[in-house]
Amino acid sequence: MVRGLSAREIKAIDHFTINSIGIPSVVLMERAALSVTEAVLSEYDDNENFIVVCGTGNNGGDGVAIARLLHQSGKRVTLHVIGDLSKASEETHIQLIIARHLEMTISESDADLSEQKPAIIIDALFGIGLDRAVKDPYLSVIKAINQSTATILAVDIPSGLSADTGIVYNEAVRAKKTYTIGFWKKGFDNDQCRPFTGEIKTLAIGYPEAKFYQHLLESE
Ligand SMILES: NC(=O)C1=CN([C@@H]2O[C@H](COP(=O)(O)OP(=O)(O)OC[C@H]3O[C@@H](n4cnc5c(N)ncnc54)[C@H](O)[C@@H]3O)[C@@H](O)[C@H]2O)[C@@H](O)CC1
Ligand SMILES: [K+]
């Protein structure tokens, strides 16, 4: 079994893939979105309503792209973006422009998160960039997600969980299933994270084979 990687190792592989191999960041993001959307539709295609809850980092960017792809496949998609949009990453900013051009409505509040009867909520608030306890507005959104009756699916890692330790800082999304991007996270080996990750599926998104990035991995 391939060992789980730390957030630092994955970020180094991302940087190497983008800057030394030459696969643009938004291409990786689009491939991540395509892989998650395909996996979600293969399992939950009979669902009509989706709520995608996004942060402003690249995990959020994955989420905006997933929302757009679900929208284009004819699903009813409500897209929430939580946080200061002016601080959105470059890739997430691009995804938001695309979504707006496709006339998707983008809600910046989490008001109707629990009222609506969404069949599925997709958690794209935080990914491997989470490095501290979550505060409002994210904290109340995570609680609202966990209180909903929806099926909860996490993008890359359930928001609130440390990718390195598998431990919850203070609150985390309790997902039924986690679609993790590219690599198994070191924290997933900690069984305490199972109530938050649910079943984990690792999705390939075109990272180079291990021989190209072996030199970036911390020694065992
Ligand atoms: N091109 C790329 O680099 C790719 C990135 N991917 C996605 O990008 C994610 C990593 O994205 P980012 O590194 O932008 O980080 P995240 O999107 O995980 O987090 C966003 C930002 O939140 C801040 N933050 C951390 N803890 C916080 C807290 N408790 N409260 C408020 N803000 C907090 C950090 O500054 C972090 O940059 C992965 O999990 C994955 O989903 C994938 O799409 C693969 C390709
Ligand atoms: K997430």
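Q: Two strands pair if DSSP finds at least two bridges between them, so what makes E1 and E4 a pair, and in which direction do they run?
A: Five bridges join E1 to E4, and the two strands run parallel; since at least two bridges are required, E1 and E4 count as paired. Within this pair, Ile51 stands opposite Ile121 in E4. The labels follow the rule that strands (E, at least two residues) and helices (H or I, at least four) are DSSP runs, numbered from the N terminus.

Q: What kind of model is this, and which values count?
A: This is a predicted model, in which local features need pLDDT of at least 70 and side-chain atom pairs count only at pLDDT 80 or more, while totals for chains, interfaces and linings use all residues. Side-chain values use heavy atoms, with hydrogens and water left out, residues are numbered from 1 along each chain as its sequence is written, and chains are lettered from A and ligands numbered from 1 in the order in which they are written.

Q: What is the order of the strands in the open sheet, and which are its edge strands?
A: The seven strands follow the order E3-E2-E1-E4-E5-E6-E7, with parallel pairing. Strand E3 (106-107) and strand E7 (199-203) are the edge strands, as each of them pairs on one side only.

Q: What joins E4 to E5, and which residues are bridge partners there?
A: Four bridges join strand E4 (residues 120-124) to E5, and the two run parallel. Asp123 has Ala154 in E5 as its bridge partner, and the partner of Ile122 in E5 is Leu153.

Q: Why is Thr56 called buried?
A: The relative accessibility of Thr56 is 13%, and buried means under 20% relative accessible area, while exposed means over 50% and partly exposed lies in between (1.4 Å probe, protein chains only), so Thr56 counts as buried. Thr56 lies in the loop between E1 and H3. Leaving aside neighbours within four places in sequence, Thr56 is in contact (heavy atoms within 4.5 Å) with several residues, among them Val81, Gly83, Lys87 and Tyr138.

Q: Why is Ile98 called partly exposed?
A: Ile98, in helix H4 (residues 90-101), has a relative accessible area of 30%, which lies between the two limits, so the middle class applies.

Q: Is Asp156, by contrast, buried or exposed?
A: Asp156 is at 8% relative accessibility and therefore counts as buried. Asp156 also has a positive phi, of about 75°, although it is not a glycine, and is found in the loop between E5 and strand E6 (177-181).

Q: How do you know that E4 and E5 are mostly covered?
A: In E4, five of its five residues are buried, and in strand E5 (residues 151-155) four of five are. From E4, Ile120, Ile122 and Ala124 point one way, and Ile121 and Asp123 the other way. In a regular strand the side chains alternate between the two faces of the sheet.

Q: What makes a group of residues a nonpolar core, and which residues touch the most other members of the largest one?
A: A nonpolar core is a set of buried Ala, Val, Leu, Ile, Met, Phe, Trp, Tyr and Cys residues joined through side-chain atoms within 4.5 Å. The largest has 50 residues, of which Val52, Leu70, Leu79, Ile122 and Tyr179 touch the most other members. H2 gives the most to this core, with eight residues. A second, separate core of 17 residues includes Val134, Tyr138, Ile142 and Ala175.

Q: Which residues of helix H5 are buried, and what covers them?
A: In helix H5 (residues 138-147) the buried residues are Tyr138, Leu139, Val141, Ile142, Ala144 and Ile145, and their cover includes E1, E4 and E5.
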